[in-house]
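This report looks at charged side-chain pairs. Where do they sit, and how exposed are their partners?

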Amino acid sequence: MIHFFPKKKCLNGSVFHRRTGSALSVFFTVFLLFSLIPCPILAAPSDETASNDYAAQAEARKEMTVESNEWENWPAGPAVGAESAILMDAETGAILYEKNIHEQLYPASITKILTALIAMEQCPLDEMVTYSNEAVNSINWQTDSNIGIQAGEQITVEQSLYGLLVGSANEVANALAEHVSGSVQDFAKLMNERAEALGCVDSHFANANGIFDENHYTSAYDMAQIARAFFSNDLLCKISGTATYTIPRSTTVSKELFVSSKNQLLPGKEYAYEYLVGSKTGYTSEARQTLVSCAQKDGMKLICVVMKEESPSQFTDTIELFNYGFSSFHVVNVADADSRYTVGNELFFESDADVFGSSSPLFAIDSADSIILPNTADYEDTQSTLSYDDLEDETAAAEISFTYNGVYVGSATVRVVDQVSGNSTSDSESGGQGNAGSSNTDPSRNRIYINVRLVLIAVLSVYLLLNFLIWLITLLRNYSFSSQRKERRRWRRRRNASSIDYDRYSRDSEDY
């Protein structure tokens, strides 16, 4: 049997079930009860909360191992909040501070020092760069760094380098890549080839500006190797140490372009560092803050790289590491300090006089070469190895590599004396011919270089061979003479025997 709920007529004439009315009454009662109980409000995390999280992560990273602090008798370096950090001597490539230096991380805009280096190597500075529609409009004008240049406009390579390094402009990186290689993709291939040639082992570059890409990564070690080449160029040092720059209006650019750097290490900025040579910042939400810098003091030129840090600690980390390097290490000139590779040792790099009576040495250590040591160490505390093979410098006779308690601290080149730094003929001495006359005035063009070890081995081999031949000839001659003497003795015995028999026969005949 089916039961129907009794119906009730409302005041407005509508009809509803009595049970439905009861359910609604319960619902509203429960709603009123819960509305009187205070409950937390769920909201999206604020920017301040996210910032606090990043700061906490950076603080936790200070507890990470600093590998160089575990080296024997090595000065203890500071604890920094960067995920990865390195301090390297620019001249020798010796590592003074090492924290997680081979971890593959996103570089952001410090990528642009490699872009600038390649452009500098490939193009004349006054060459005009055309900014294509693809180069200009492929970036996000609201969020990406740019200098405001328009598609179709032109500026020089030098002006573009200022836009790239001072303004960190992404469209400039694209335009330079297209100018050098025809496309950003082809330029990325060139970047990877150049990085490998510079000694990079952890990198893969996918674009010219450092915009986030999962296939675009590097390490602090690799960026330091790139920075060594970058900061060896005087113009790139100057540009990367510039705070502001203006590209004037011209027939090829419609308006004046004012370029300003956000790098706080530069002169006039909050964290200005007096010994700074040059610097390049980087930032994306994935990479966090990255920074590559170079500073020089008291004849020591250092490179610092910090990756995955929080602002403004990328600047304070860098200053702290530079101060650590300049206060804890010193440079030693190898030629001045060395007494191992001179007169009296087995290498014979030098001698008091050669066979012609000259008092000049044939070989010497390049006077420009140096090593870097902790302040507590002396040259005599180092260990060294000598190599004649696989020399990067084709004009070198040998290379001496130095370590301190197993840590590489530099190397020195052994050269023919007239090629040692300071002894070569200058342009002024050669009549001011410069490069045009170098083919006639450079004696090294027709010089044959001798590998000392191979010469000694060859001489010894010839000596041993001659001794063997003499011994063999003597042996054969002695054998031959011995045979002849034996034959003579036998002949004499036979002759004597015949003579005796004849005498007997004669006597016997006389008796008859």
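## Basis

Helices here are DSSP runs of H or I with at least four residues, numbered from the N terminus. The model is predicted.

Side chains of opposite charge can pair when their charged atoms come close. A search of the whole structure finds six salt bridges.

## A pair within helix α7

D186 and K189 form a salt bridge. Their closest N and O atoms are 3.9 Å apart, within the 4 Å cut-off. Both residues lie in helix α7, which spans residues 184–197. They are three residues apart, about one turn of the helix.

D186 is partly exposed, at 37% relative accessibility. K189 has a relative accessible area of 54%, so it counts as exposed, the class for values over 50%.

R288 lies in strand β10 (residues 288–297). E310 lies in the loop between β11 (300–309) and α10 (313–328). The pair therefore ties together parts that are 22 residues apart in sequence.

## A partly exposed pair

E59 and K62 meet through their side chains in a salt bridge, at 3.5 Å from N to O. E59 is partly exposed, with a relative accessible area of 47%. K62 is partly exposed as well, at 34%.

Note on methods:
Residues numbered from 1 in each chain as written. Predicted model: local features only at pLDDT ≥ 70, side-chain atom pairs only at ≥ 80, totals over all residues. Heavy atoms only, no water. Buried < 20%, exposed > 50% of the residue type's maximum accessible area, 1.4 Å probe, protein only. Helix = DSSP H or I, 4+ residues; strand = E, 2+ residues; numbered from the N terminus.
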